[in-house]
Amino acid sequence: MSVSAHPTHDAGTEPYQPVFTGKVLEELQALLGRYPTKQGALLPALWLVQQQRGWISDRNMTEVAAVLGLTPAYVKGVVTFYTMYHQHPVGQNFVQVCTTSPCNICGAEDVVRALLQATGAKELGATSPDGKWTVIEVECLGACGFATPVLINDDFLESVSPEKVPELVQRYR
Amino acid sequence: MGYPHKAHRKETTVLSKYFGDPEARSYKGWVKRGGYEAWRQALTLAPAAITDLVKESGLRGRGGAGFPTGLKWSFMPKEKKKPHYLCVNADESEPGTFKDREIMRWTPHALLEGTAIAMRAIQAEVGYIYIRGEFTEPYAIMGQALAEANAARAFGDLKIHLHRGAGAYICGEETALMNSIEGKRGNPRIKPPFPAAFGVFGMPTTINNVETLAAVPPILTNGPAWYKKLSLSNPKSTGTKLFSVCGHVQKPGNYELTMGFPLKDLLYELCGGMRPGRTLKACIPGGSSVPILDRAETEACLLDYEGAVERGTMLGSGGVIVFDDSADMVYQIMRLARFYAHESCAQCTQCREGTAWTTKILERILAGQGKATDLDLLLDLSDNMTGKTICVLSDSCAAPVVSGIKKFRGEFEDYIAGRRRPVMVA
């Protein structure tokens with residue numbers, strides 16, 4: 001199990017800057033038209049928040065709840081169900097490595113070790129001291145014939161081997 | 001064409017014909033290759049007539065259950081009193097399976113065309129394509145294809161939307177998928193009511209897998225008789241199927257085969273066999289949720305729904321995971337159990353507790369602290385996890401454990417008796 005090095009609290013002393021204004025609000029409104037209920041837009045709304053802010057804070061959840069007519073607790077219940085929503089800030093480059101059986105027998109754990117070393121993140125789920133890297137193990141990325149698949153931010157990379165890792169990390173530095 | 005390899009001469013390329021051909025991704029390119037012919041044809045047919053054609057073809061669901069597609073469509077109310085929906089299951093997350101990803105990446109319009117035809121057959125005006133969150137590239141390609149098709153007003157009044165998942169294997173279970181579209185946690189629902197009566201947003205709904213829908217356009221253009229003839233063994237399994245092969249083979253990738261093709265030929269001939277000096281040890285032929293086959297069973301297995309059952313396993317999603325003699329079966333079964341423990345939605349006790357304890361016991365065995373009674377305990381746990389929960393995630397965790405202990409018991413016993421060095425720390 002990975003443990004986060006980040007505090008999850010964000011009580012925040014600064015005034016809250018809403019996510020859903022201007023263009024982002026327009027995007028949300030377009031999304032609302034796709035579903036017969038407001039709640040239907042919850043998953044895409046959370047994606048919008050994460051795209052804008054890099055993670056989803058408690059205050060963001062409260063805003064989403066208000067916009068969609070839900071309670072903050074309900075929104076949090078949904079956020080915590082799905083592993084791709086970040087409930088704390090993560091490194092500038094978020095790296096997900098598949099280590100489920102098919103990739104595992106092809107050496108996925110060596111890829112993880114190489115990534116932890118090359119990025120300086122050292123520990124799964126922790127962020128490197130320069131704030132640039134967070135590496136996590138994930139279950140099946142659905143590209144088992146291209147072991148080992150690695151997702152860096154939105155870039156889906158196939159057939160990553162430990163030897164390719166240093167160059168790969170250099171590319172994102 | 002083929003991807004990542006050129007198609008082998010023993011493949012039957014219907015769905016994968018344009019894999020690796022980037023031009024086929026565009027609307028124009030797809031039309032140039034005969035695309036949307038079937039959709040035009042469907043527009044001249046009554047909904048029930050489309051369903052009948054698909055029924056006649058023998059097409060069965062390619063997501064894992066193998067349920068007859070036409071029959072599923074016929075469960076939708078004939079007389080439309082409420083909005084009808086189609087949900088496309090593109091939440092491909094079954095370990096070993098990566099075929100739908102390839103369909104969406106190379107032939108997005110094949111899926112859109114099949115989706116539109118299915119929507120007409122079940123009289124749905126809205127369709128959601130639920131794509132798993134990690135599939136960033138297929139999502140972008142599908143989005144582009146959908147925008148191009150909409151710009152060409154290809155689907156008339158039908159509305160097709162992409163819906164991005166956010167990391168949850170369980171959302172590939174049809175009722176969990178519907179909950180997820182509704183903006184809820186992806187917990188499976190108790191059935192009945194079945195989706196055709198009470199589906200997404202409480203309305204009549206059909207859920208189909210990507211590969212199933214991609215097979216519909218060629219069935220319409222070539223006719224059901226043509227599809228039915230694509231069968232090498234049992235007439236109940238028709239057409240072609242994409243098999244995703246991964247693990248210890250020389251040439252992993254997707255291979256499109258006529259139903260009933262020998263698994264042995266797929267592995268040794270098409271995939272180039274094992275690595276030099278290695279021999280086949282075990283194979284999971286239908287994604288990680290189906291029982292493991294040993295070498296003899298693998299070499300005797302025919303790849304269709306009945307052929308797999310005959311060997312004590314299932315065809316599932318067609319995700320073929322291959323283990324050679326270097327694989328530590330105990331460790332790999334632990335990894336699979338860990339997968340299910342991680343992905344359990346935790347609604348049902350048997351699953352929430354069972355997947356976690358199965359993983360813990362397997363970890364303890366691998367750490368050299370297994371007890372002589374652990375194997376019986378695992379089998380007892382597995383028994384309590386089979387057929388007793390809302391969905392089959394729990395059963396899926398039990399399948400590799402039970403079959404693994406049955407076929408590779410010696411490997412477990414070696415760890416327990418201290419004949420093998422522990423590979424984990426307690």
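1. In this predicted model, helix 3 of chain A (residues 58–68) and helix 4 of chain A (residues 72–81) have axes that come within 8 Å and cross at roughly 115 degrees. That angle makes helix 3 of chain A roughly perpendicular to helix 4 of chain A, because angles of 65 to 115 degrees are placed in that class. The crossing of these two helices is right-handed.

2. On the side of helix 3 of chain A, the contact is made by Met61(A), Thr62(A), Val64(A) and Ala65(A). Helix 4 of chain A contributes Pro72(A), Tyr74(A), Val75(A), Lys76(A) and Val79(A). Sorted by class, the contact of helix 3 with helix 4 in chain A holds seven nonpolar residues, one polar and one charged.

3. Chain B has a helix pair to note as well: helix 3 of chain B (residues 47–57) and helix 6 of chain B (residues 108–122). Their axes come within 7 Å and cross at roughly 120 degrees. Helix 3 of chain B and helix 6 of chain B are therefore oblique to each other. Helix 3 of chain B passes helix 6 of chain B in a left-handed crossing.

4. Which residues of helix 3 of chain B meet helix 6 of chain B? They are Pro47(B), Ile50(B) and Thr51(B), and in helix 6 of chain B they meet Ile117(B), Arg120(B) and Ala121(B). By class, this contact of helix 3 with helix 6 in chain B has four nonpolar residues, one polar and one charged.

Methods
Residues numbered from 1 in each chain as written. Chains lettered and ligands numbered in written order. Predicted model: local features only at pLDDT ≥ 70, side-chain atom pairs only at ≥ 80, totals over all residues. Axes fitted to C-alpha atoms, helices over the stretch in contact; angles between N-to-C directions. Helix = DSSP H or I, 4+ residues; strand = E, 2+ residues; numbered from the N terminus. Parallel < 35°, antiparallel > 145°, perpendicular 65-115°, else oblique. Left-handed = near helix turned anticlockwise from the far one by under 90°. Contact = placed C-beta atoms within 7 Å. Nonpolar A, V, L, I, M, F, W, Y, C, P; charged D, E, K, R; others polar.
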